[in-house]
Amino acid sequence: MHLEYKVQGGNFSKAGHASGEIKKVLKQLNLNPMVIKRIVVALYEAEVNIVAHAYEGDIIVDIDDSKVHVVLNDRGPGIPSIERAMEKGYSTASPLVREMGFGAGMGLPNIKKNTDELNIKSVVGEGTTVDFINYL
Amino acid sequence: MIVKDIVTLLDAHYVNNSGLENENYDVAFASDLMSDVLTIDIPNVLLITGLANIQTIRTADMAEIKCIVLGRNKKATPEMIELAQENEITIIECAYSLFHICGLLYNEGIDPLY
């Protein structure tokens, strides 16, 4: 199964909408609830990151018998140091992002905790790709 | 402690009742930071928060939280209530501070998550 969603940067009222829709599909497929939860927590944190930091992005989900593969691409400022961004507590989020209950530097560590394989690539001035796999 | 007794204890009221009045809660977690809430990895946790925006409900949905107490007299917005209805999440509004809410619930035997 292949799913694609668009994400609009800066639109906090819609942040998490795509993750909510993908969660419904995963539930309909009767996947293990603990696996679904790990996927949607990682996905939601990554979606919020696009809304918080980028101009726009897309989410691509491929599901087969053995795994769920999620790719989030954004057009945005990119991450100068992925190593620093992975540190708990490191954040460049705006006050608006913090008002929404995020921006405490826990997003990428939460994504790592909830995924089986995680690969982040970023080019400053162009954008970021977060690619993760969870095995079923 | 069941939800309807929590409502009475906190002198609170439902703004969305998804039929959990008799659901029992043994564990609660209080935070305004949604990334913290997303670290919860056990089901059936009562969320106590002063953050009243749409991300509170989105986070509850992702974290499989079915009952939220909004403290500090925070009010749920219409879009929060709509999303809570769609996902069968109960929202309770309470005028007490989070510290006060936590103290009352702890006194009645509800445990912290950590």
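Student: Which residue in S3(B) is the bridge partner of B:Ala28?

Tutor: In this predicted model, the partner of B:Ala28 in S3(B) is B:Leu46. B:Ala28 also has a residue opposite it in S6(B), namely B:Pro112.

Student: Why are S2(B) and S3(B) said to pair?

Tutor: Pairing calls for at least two bridges. S2(B) and S3(B) have three bridges, in the parallel sense, so they pair.

Student: What makes S2(B) and S6(B) a pair?

Tutor: Here the count is two bridges, with the strands running parallel. The rule asks for at least two, so this counts as a pair.

Student: How do you know that S4 and S5 of chain B pair?

Tutor: Strand S4 (residues 67–70) and strand S5 (residues 90–93) of chain B are joined by four bridges in the parallel sense. One bridge links B:Ile68 to B:Ile91 in S5(B).

Student: In what order do the strands of the chain B sheet come?

Tutor: The order is S1-S5-S4-S3-S2-S6, in an open sheet of six strands with mixed pairing.

Student: Why are S1 and S6 of chain B called edge strands?

Tutor: Strand S1 (13–16) and strand S6 (111–112) of chain B each pair on one side only. That is what the name expresses here.

Student: Which strands does helix H5 of chain B lie across?

Tutor: Helix H5 (residues 98–107) of chain B lies across S2, S3, S4 and S6 of chain B. Its angle to S3(B) is about 150°.

Student: Now the two chains. What makes A:Lys23 and B:Glu64 a salt bridge?

Tutor: Their closest N and O atoms are 2.9 Å apart. The cut-off is within 4 Å, between a side-chain nitrogen of Lys or Arg and a carboxyl oxygen of Asp or Glu. Across the interface of chain A and chain B, the rule finds four salt bridges.

Student: How many residues does each chain give to the contact?

Tutor: Chain A gives 25 residues and chain B gives 22 residues.

Student: How much area do chain A and chain B bury between them?

Tutor: They bury about 1900 Å², with 52% of it on carbon and sulfur atoms. On the chain A side, A:Lys23, A:Lys37 and A:Tyr44 supply 27% of the area that chain A buries against chain B, more than any other three residues.

Conventions: Residues are numbered from 1 along each chain as its sequence is written. Chains are lettered from A and ligands numbered from 1 in the order in which they are written. This is a predicted model: local features need pLDDT of at least 70, side-chain atom pairs count only at pLDDT 80 or more; totals for chains, interfaces and linings use all residues. Side-chain values use heavy atoms; hydrogens and water are left out. Contact means heavy atoms within 4.5 Å. Axes are lines fitted to C-alpha atoms, for helices over the stretch in contact, and angles run from 0 to 180 degrees between N-to-C directions. Buried area is the accessible area (1.4 Å probe) that two parts lose on being put together, summed over both.
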